[in-house]
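Thank you for asking for a second look at this model. My notes are set out point by point, to be read beside the coordinates.

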Amino acid sequence: MKIFTKKEEQILLAIYHLKDEAYLIPIREKIKEYTGKYFSVGTIYVPLNRLHGYGYLDAHVKKPDTSAGGKPIKYYELTKSGLAALAALEKQNKLMWEGFKTPAFED
Amino acid sequence: MKKAQARIPGLASWLLRYVLPKQDYVYLNGNFADMYTYRAQAEGRFKAGIWIWGEIIKSLPGFMYASLYWRITMFKNYFIITLRNIRKHTLHSIINIVGLSIGMAVCLLIFLWVQDEFGYDRFHVNKDDISQVYSEMLYTGGDSQINMGSYYPLAKVLKEECPEVREAVRYESASGLLLSYGEKQFTNDAVGLADPAFFDIFSFPFAQGNPSTALTENYSIVLSEKMAKKYFGNDDPIGKTITLLNDFDLQVTGVMQDLPTQSSFQFDCVMPYALKFAPNFKEPEHWGGNPLNTYILMHKDIDRPPLEQKITAIVEKHAQWETAKVTFHLHSLTKKHLYSPHGGGLIQTLLIFFAIALFVLLIACINFMNLSTAKATTRAKEVGVRKVIGARKIDLIRQFIGESLMISFITLVIAVFLMAAFLPSFNELLGKQLSLRLLLTPVVVLGFLGIALFTGAFAGAYPALYLSAFQPGSTIKGLIRSGSKSSLRKILVVVQFSLTIIMIISTVVLFRQMGFVMSKDLGFDRENLVVVQMSQQMQERFEPFRNDLLNNPQIRGVTRSLQGPWNIGSTVSAVDWDGKPPDESVSMHWDYVGYDYFTTFGMEIIKGRAFSKDYSTDQKEAFIVNEEAVKMMGMQSPVGKRLSVFRNEGQIIGVVKNFLFQPLYHEVKPFVFMLRPFSGSLGFVRIRPENISGTLDYTTNTMKKFDPTSQADLLFFNDVLTNYIYTTERQARKIAGYFTLLALLISSLGLFGLAAFMAERRTKEIGIRKVVGASIKEVVFMLSRDFTKWVLLSNIIAWPVAYFVMKKLLERYAYRTHIGLEIFVLSGLAALLIALLTVSYQAIKAARANPADSLRYE
């Protein structure tokens, strides 16, 4: 089982949640939702492309849509192995976080 | 809802084009555009512009990293491997780097020199349209003579009658003229005499004054800044007067910036040509040859050959020569420095040395190739592993070429330092001022990088192909037995040694020829003969000057002449004698000489008598000719026969034994002496071989007595020959000598490396041989045998080539040294000896090793 970086994990999850709407800009927005921080296009694209290269993601290009201003858009979706990877990740995370209790901070 | 698409600002979208990965450019660009549009609508274009720049800059590392990551990783790997190999095989690396950097430094030096020589006279604005007019005389025998000297009326006639010619000027250089300003008197300024249009044709930049009108007044002079400073200090020179020969007052009308070194013309000042005919300024009309040059400026895009014919026709009409047929030719200014109308010229020397430098580099490259392929076994496993992992052949070729390029760039750095270290002595050798500042000019930088690239690619190509062809299966199993069977390596060693031997033989022959030139019997005694360049004062009071000199018992004879018998090129074709065939055109070389000329020089009068003060008619009507002239005229008893030269009637009073009055490129030709005891600026002093420096001091003091401003140096006749006549030979000999030594050094280094490798590879064999009973001598012999064979083979190849090259090089000499077999044999033996010495060091080391050490396994 491959070890994913945090960024890769976030991207896979973002795509999972976005379903049909997963392309670079919404992915970025989604990650902002998770982390509260905008990452630059470059730092998203590189791992995204890598995941695509490993075969966890499929990509297809949608023809220009007038509302998008006439540019083709590359959409990503999870492949079978992508979903399997997510499942494995979930297991891992559960394992890691099991028994963790948020300590009560006192100011 | 339809959104209006906003465009990303120009520069930003250009930047995106470069940084975005190619395969996804369209989509990523679209994404950026969308975000920009959104921002622009929400916050305005300006803020969106700033934002997009921020985004792009933040994205840069990511994108760059993605595209460069693998390349950098591989490059880092190659780099480390190269450095490790350099460190691991220290001996080989040192041999390679030393050899290559010497070879490259030699190439760099020659490149600097060549590019300097090619830059001559390029600063003239009209350089492409300027030509020198010269003539060629054709004699009945089929001989012809090229004459750079021109005619007084030629420039004027060409300007008036040739529409193609925009301007035409005469130019003549002079030296030793006395120029004075008040107390300041000098005779050592190089003077140019030129017609007024000179500065219209040639673009010598002026610091002060108007170039077009500077020479229009007859009594004017244009100074260089250096000369102006010498005479006037910091005063404004314009309008001041400089006195020429205590007689003519010349007004300074312009100051030139100091001449660039890359100029064929070298002078400190220029005066109007008309001054030659002062004070009455009557221009000579006759068409007799003179030591002046004619330059023309043509209109744009004029073809030279038709113009040459036209000039020939025009001159024929004016001059109406009866004697010889003369044709005119144009020598363009851009060729003046490199090409000689006589054929050859500097360009030949440059080509030869460029070739030699390339040879040296080639020899160093061969070392590199041989050592890399010999060491291939050590890399074979690496190649195998790389191939198994997935490297294609092209990747490996790229890796190995890259490696040799890296080494060649390392050597370039060393070579530049080497070159900088040798530049001063190289400059001194050539009498040039090549400066390291040239290293900053683009041509030179490109040239140097080119040389490094060439070296790396050339030296690396063969090893790269050789290494990349290994089969991974066999290399990993260790089946590659590289080393002994490579016939190409033998060929390369043979090539290397052939080149070296050719260079050795050529250098030896060059030295021999120069020795021959300096010891050849010229027909007079050249030892202990001092040449004095006499100033005006000495010339005018020559008799007292001569008597003063003769007061010293160490001085045996003093005489004078117009020309020096090291290179008398001027000829006269207006020669007539009784019985001369009417349609025959001939020429004789000639000189005006003083009394005692023949006794001072030690020339032998074989018939008749020398010039004598006892006969007053000698000054007008007497000629002394050489044997060759007698032969040409076909006289049985020449003494007393009528002869007319320059239309002066007289008779032959003596015949002098043939002597050589030109460099040894030319054979003896007919010669006629005329007596002119009151002219001629060259003095000759014959001194006794004892106490030479005292005699020279005495001579200098006597010169000072007659001319207090005299700064002339005394020169021995032989020094004149080496310094002024055989300069190219002198330089060529030295450079060839050094380069040959370097070539020998580099090829021996290569051999040393190869021998070390061979010995190492055969360690076990040697051990077994020794155990079985071979003696050290036998082992050394066995190891050296191959190399001996190669060097002997090189000799066989090199000898005919060297013979041919030498024949070609000595072709220009009419008198040449004998190229005997012993030169070849000795050079070959020398090469063999050095090769054996190199090899035997390794062989002995290997042979003396303890077999127990070499045979023990682990």
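The points below take up the basis of the model, then chain B, one of its residues, and chain A.

1. This is a predicted model, in which local features need pLDDT of at least 70 and side-chain atom pairs count only at pLDDT 80 or more, while totals for chains, interfaces and linings use all residues. Residues are numbered from 1 along each chain as its sequence is written, and chains are lettered from A and ligands numbered from 1 in the order in which they are written.

2. Chain B contains 27 helices and 25 strands, where helices (H or I, at least four residues) and strands (E, at least two) are DSSP runs numbered from the N terminus. Its C-alpha atoms fill a box of roughly 105 × 100 × 55 Å along the principal axes. The radius of gyration of chain B is 37 Å, whereas a compact globule of 858 residues would have one near 29 Å; the radius is taken over C-alpha atoms, and the globule rule is 2.2 Å times the number of residues to the power 0.38.

3. The domain assignment, whose bounds come from an automatic or database source, divides chain B into domain 1 (10-87), domain 2 (127-336), domain 3 (346-517 + 728-855) and domain 4 (529-720). Between the C-alpha centres of domain 1 and domain 3 of chain B there are 48 Å.

4. Of the 858 residues in chain B, 38% are buried, a residue being buried if 20 or more other C-beta atoms, placed from the backbone, lie within 10 Å of its own, exposed if 12 or fewer do, and partly exposed in between. Among contacts in chain B between residues at least 6 apart in sequence, 83% join residues at least 24 apart; two residues are in contact if their C-beta atoms, placed from the backbone, lie within 7 Å.

5. B:Thr740 belongs to helix 23 (residues 727-761) of chain B, and it counts as buried because it has 24 C-beta neighbours inside 10 Å. Leaving aside residues up to four places away in sequence, B:Thr740 touches B:Met503, B:Ile504 and B:Thr507.

6. Chain A has four helices and two strands, which follow the order α-α-α-β-β-α from the N terminus. The C-alpha trace of chain A spans about 55 × 35 × 20 Å along its principal axes. In chain A, 25% of the 107 residues count as buried, and 46% of contacts between residues at least 6 apart in sequence join residues at least 24 apart.
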